[in-house]
Amino acid sequence: MSGKWSQIGVPHKGWTCVSVDDLGAPDAVCEMCETQEIRYVHHMEHPDYRDSLGVGCICAQHMENDYEAPRRRERTLRNAAQRRHRWLCRKWKISAKGNAYLNTDGMNIVVYCRTRTLWTARIEERATGRFETLKRRYTDEDTAKLAAFDAMIILKHERGWSSRGKQVALSSSACIIPRQR
Ligand SMILES: [Zn+2]
């Protein structure tokens, strides 16, 4: 028992994960055991403890007394990071209006130019027709495509678009974009 596991007043069970971050590399130390270096940070909260703790998979498993959920969260982030690498190489089609688009994950993703140099994207859930447009504008098409990917992952995992099962709270910016080192 190391770190906060042996500290009086720190609950061992009954924690809830509120979000999870991918740091891109093992850049943090688990705040529970205070020894494990971690890449995926599970942010845990407890009604009887004032701070939230950023912990690793193994400590998270004990704290929420669930061996599957923390692993599932990490798998989701890992898969997303791998997909993001391949995202620009996918076969984007060209719409009648001349915009690149992709149908994937039950969504239709269109990247287009607002002005000659400002790109954005629109993501539509095909089953319902609801859609979101990226808030920011990008200076090139590829960057807009990657931003659309991040938005799609968040819509899917945080808002439950076109996905069944339990939603995972992924921390938006850090979830897919590796931190600059
Ligand atoms: Zn730990």
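How many residues lie between E9 and E10 in the hairpin that the two strands form, and which residue in the turn has a positive phi? Five residues separate E9 from E10, and Gly-129 in the turn has a positive phi of about 80 degrees. Strands (E, at least two residues) and helices (H or I, at least four) are DSSP runs numbered from the N terminus. The structure is a predicted model, in which local features need pLDDT of at least 70 and side-chain atom pairs count only at pLDDT 80 or more, while totals for chains, interfaces and linings use all residues. Residues are numbered from 1 along each chain as its sequence is written.

The chain is divided into domain 1 (3–67) and domain 2 (85–159), with bounds that come from an automatic or database domain assignment. The centres of domain 1 and domain 2, taken over C-alpha atoms, are separated by 34 Å.

An open sheet of three strands is arranged in the order E1-E4-E5 with antiparallel pairing, where two strands are said to pair if DSSP finds at least two bridges between them. Strand E1 (16–22) and strand E5 (49–55) are the edge strands, each pairing on one side only. Neighbouring strands of this sheet are turned by 20 degrees against each other on average, direction ignored. Axes for such angles are lines fitted to C-alpha atoms, for helices over the stretch in contact, and the angles run from 0 to 180 degrees between N-to-C directions. Strand E4 (residues 40–46) is joined to E5 by four antiparallel bridges, and His-42 has Val-55 as its bridge partner in E5. Helix H2 (residues 69–86) lies across E1 and E4 and runs at about 25 degrees to E1.

Strand E9 (residues 119–125) pairs with both E8 and E10. With strand E8 (residues 107–113), the pairing is antiparallel over seven bridges, and the bridge partner of Met-107 in E9 is Glu-125. A hairpin through five residues joins E8 to E9. Strand E10 (residues 131–133) is joined to E9 by three bridges, again in the antiparallel sense, and Ile-123 stands opposite Glu-132 in E10. In a regular strand the side chains alternate between the two faces of the sheet. A residue is classed as buried if 20 or more other C-beta atoms, placed from the backbone, lie within 10 Å of its own, as exposed if 12 or fewer do, and as partly exposed in between.

The largest nonpolar core has 36 residues, and those with the most contacts inside it are Val-55, Ile-109, Ala-121, Ile-123, Ala-148 and Met-152. Such a core is a set of buried Ala, Val, Leu, Ile, Met, Phe, Trp, Tyr and Cys residues joined through C-beta atoms within 7 Å. At least two residues of this core are supplied by each of E1, E4, E5, helix H1 (57–63), H2, E8, E9 and helix H3 (141–157). H3 gives the most, with nine residues, and the core draws at least three residues from each of domain 1 and domain 2.

H3 has 17 residues and reaches 24 Å from its first C-alpha to its last, close to the expected 24 Å; the expected span is 1.5 Å times one less than the number of residues. Because 12 of its 17 residues are buried, H3 is largely enclosed by the rest of the structure. The buried residues include Ala-144, Ala-148, Phe-149 and Met-152. Leaving aside neighbours within four places in sequence, Met-152 is in contact (C-beta atoms, placed from the backbone, within 7 Å) with Asp-105, Met-107, Ile-109 and Ile-123.

Strand E3 (residues 37–38) contains Glu-37, which counts as exposed with 11 C-beta neighbours inside 10 Å. Residues up to four places away in sequence not being counted, Glu-37 touches Pro-26 and Val-29.

How values were computed. Two residues are in contact if their C-beta atoms, placed from the backbone, lie within 7 Å.
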